[in-house]
Every structure is written in structure tokens, then in C-alpha cells.
Amino acid sequence: MKESDSSYSPPEVWTWDRESGGKFASINRPLAGPTHDKDLPVGRHPLQLYSLATPNGVKATVMLEELLALGHSGAEYDAWPIQITEGDQFGSGFVSVNPNSKIPALVDHSETKPLRVFESGSILLYLAEKFAALLPTDRAQRTECLSWLFWQIGSAPYLGGGFGHFYAYAPVKLEYPIDRFAMETKRQLDVLDRRLGEYTFLAGEDYTIADIATWPWYGALVLGQLYEAGDFLQVNEYEHVKRWANQIAERPAVQRGRMVNRTWGEPEGQLHERHAASDFETRTQDKLERGQ
Ligand SMILES: N[C@@H](CCC(=O)N[C@@H](CS)C(=O)NCC(=O)O)C(=O)O
């Protein structure tokens, strides 16, 4: 980029005097805390999830569906949609569960005192430990799993907040940030490709919370389902990531988890609220709209 391409020069002190533009402008603000009073609904199950089927939200619902598929009935949950483009994450009830105002957030009512859990990585680790599932017990394997889990939490903001924001959502297309974050995203895909060329899953031969965390971002990206950026990033180059992504996409729990709190796309793939396993058969949007 030539220096003359930039018409913006930062003032001495940044001030919040106008919307930044772009898809999420109306919800961006430089302040934390609630903007309005709103209690969260509570259903009858031990676990209450407040979320949306974005990549970070899908991590939690896939995890819960995987636990139920493994026979952990204590993982039964109610999932309530939080409409982040309408500012639900700034309601007082949600902020008391997650002071960072981001989905997903979980409350476990089966503990002596209801326990809040926020941050998708923390939710995955909490559930894995609570049910002793999808996290290796051997110290070396557990450490490898947690290294990839933390890798994902640290890396995805470059893909989402960096590449995705500037490539798909920003009101102007700027070469410098798109270039920078496309480069970093491709480097991350290469990290995954090398690992998955050697092992079936990220932590080794077993499917774990590291895969559950990583798949909704990097799996969806190589399957061409994120930002419509498959050609731009030439995702077909990452053949091992594609193999892994396709393998995980076939898991029934993943297919169910992706539908929960999904409020866009094909009506048959949307289950706005989830309160029972049977909801996948009876309460998807196509059926509700037909009045069935
Ligand atoms: N580090 C957080 C990130 C969560 C996050 O960024 N959630 C987004 C949706 S994918 C959100 O709630 N955005 C609303 C906002 O930024 O106001 C996690 O992994 O849980």
C-alpha cells in the first residue's frame, strides 16, 4: 500500500464521536457493563446456555451434544438465543453471567450455588472436567490437548476479528489489514495442516475439546462456510485440514450442535431454542413455520 492511499491520521486522543460503520457498528462501544435491565430465562435442565450459533457459540452446543451422545444425562441443557446484533449481550442478566458481554455463556444449576462459566474455552474445559470426557487423562496427552485449545482461543481473533472483519464486514476494503490477516490466517492453516498430516486429531488419535474448539472456525473456513473466502485463501491447499474438517462434519452431535440457537440460513437447520433432544425433530423453524 502506498502511503498516499491513507487519508486518516489519528488525532492525539481517540474519542467516541461516531459509529465506525460496517456490519457490527451499532453494537460496538468502548464501555463495558449493562445498557438495560433484562433478566435471563431459566429452563428446567441443570445447564442453561445463553448463546448464538456463531463459531464461538457452536463450540458449546457441539460439546453438550457430544456429552449427551456419550450418555452423560447430566449434560441436558436449555439453550436460549442471545441476539448479539440487537444488543442482548448488554442486558443486565447476561452481563451478570458474562461481564465481557460475549456469547457463549453457561450457568450450571446443578452445583450447590448456580455457577457461571464464560469464555468458550473455559466452558469446554469446565464441561470436560465435570463429565470426565473429551479431555485425555494422561498428563502428556492432556497437556497437548490444552495447548491446542489455548492455541485456538489465541489464534481465532486473527481469523475472526482480523481477517473476517476486514475482508467481509468493514465498510471499506483496505489492502493493508486484509493482506496482513490473510497472511496470518494462511500461516495458521499451515500450522494445522502440518499437525493434522501427522495425527488424526489435534491432540493425537482421539477427538477432544481441542477439535471441538477449532472446527467451527478453521473447519468451517476450509469447507468454504466462513466469509465466502475459500477461493481467496485457496483453502483446498490444506488437504489434511480438509480431511479432518470433513470427518468431524459427519458427526451427528456436530450436526445437531450447529443447529442450536441458529437464527439464519435454511429453516430446517435452525433450532432457535433447544429444550429437549426431540426438538431437533419437532421444533426446527421449517416445522414451526408450517405450524406442525
Ligand atoms: N473469547 C471469547 C469470544 C466470544 C465472542 O467473540 N463472541 C462473539 C460472537 S462469536 C460475541 O458475542 N460478540 C458480541 C459483541 O462483540 O458484542 C470466547 O471464546 O468465548
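Colleague: Which residue of S4 stands opposite Asp-108?

Modeller: It is Leu-115 in S4 that stands opposite Asp-108. Bear in mind that this is a predicted model, in which local features need pLDDT of at least 70 and side-chain atom pairs count only at pLDDT 80 or more, while totals for chains, interfaces and linings use all residues. Residues are numbered from 1 along each chain as its sequence is written.

Colleague: OK, and how do S3 and S4 pair?

Modeller: S3 and S4 are antiparallel and share four bridges, two strands being paired if DSSP finds at least two bridges between them. They form a hairpin, with six residues between the two strands. The labels refer to DSSP runs numbered from the N terminus, with helices (H or I) of at least four residues and strands (E) of at least two.

Colleague: What order do the strands take in the sheet?

Modeller: The sheet is open, with four strands in the order S2-S1-S3-S4 and mixed pairing. Strands S2 (77-81) and S4 (115-118) are at the edges and have a single partner strand each, so one side of each is left without a neighbour in the sheet. From one strand to the next, the twist averages 20°; angles run from 0 to 180 degrees between N-to-C directions, and axes are lines fitted to C-alpha atoms, for helices over the stretch in contact.

Colleague: What about S1, which way does it run against S2?

Modeller: S1 (residues 47-51) and S2 run parallel, joined by five bridges, whereas S1 and S3 run antiparallel, joined by four. Leu-49 has Ala-79 as its bridge partner in S2, and in S3 it stands opposite Leu-106.

Colleague: Which helix packs on that sheet?

Modeller: Helix H1 (residues 55-69) does, touching S1, S2 and strand S3 (105-108), and its direction makes about 155° with that of S1. Touching here means contact, with C-beta atoms, placed from the backbone, within 7 Å of each other.

Colleague: Changing topic, how many residues has the largest nonpolar core?

Modeller: The largest one has 64 residues, and Leu-49, Met-63, Leu-124, Ile-209 and Val-241 have the most contacts inside it. Helix H6 (residues 209-222) supplies the largest share, nine residues. A nonpolar core is a set of buried Ala, Val, Leu, Ile, Met, Phe, Trp, Tyr and Cys residues joined through C-beta atoms within 7 Å. A residue is buried if 20 or more other C-beta atoms, placed from the backbone, lie within 10 Å of its own, exposed if there are 12 or fewer, and partly exposed in between.

Colleague: And what does Val-241 touch?

Modeller: Leaving out residues up to four places away in sequence, Val-241 touches Leu-189, Leu-192, Asp-193, Leu-196, Tyr-218 and Val-222.

Colleague: How do H4 and H5 cross?

Modeller: The axes of H4 (residues 139-169) and H5 (residues 175-198) come within 9 Å and cross at roughly 140°. The crossing is left-handed, a term used if the near helix is turned anticlockwise from the far one by less than a right angle, with clockwise giving right-handed. Among the contact residues are Tyr-158, Phe-163 and Phe-166 of H4 and Ile-178, Phe-181 and Glu-184 of H5.

Colleague: What's the make-up of that contact by class?

Modeller: The contact of H4 with H5 has nine nonpolar, four polar and one charged residues, where Ala, Val, Leu, Ile, Met, Phe, Trp, Tyr, Cys and Pro count as nonpolar, Asp, Glu, Lys and Arg as charged, and the others, Gly among them, as polar.

How values were computed
Contact = placed C-beta atoms within 7 Å.
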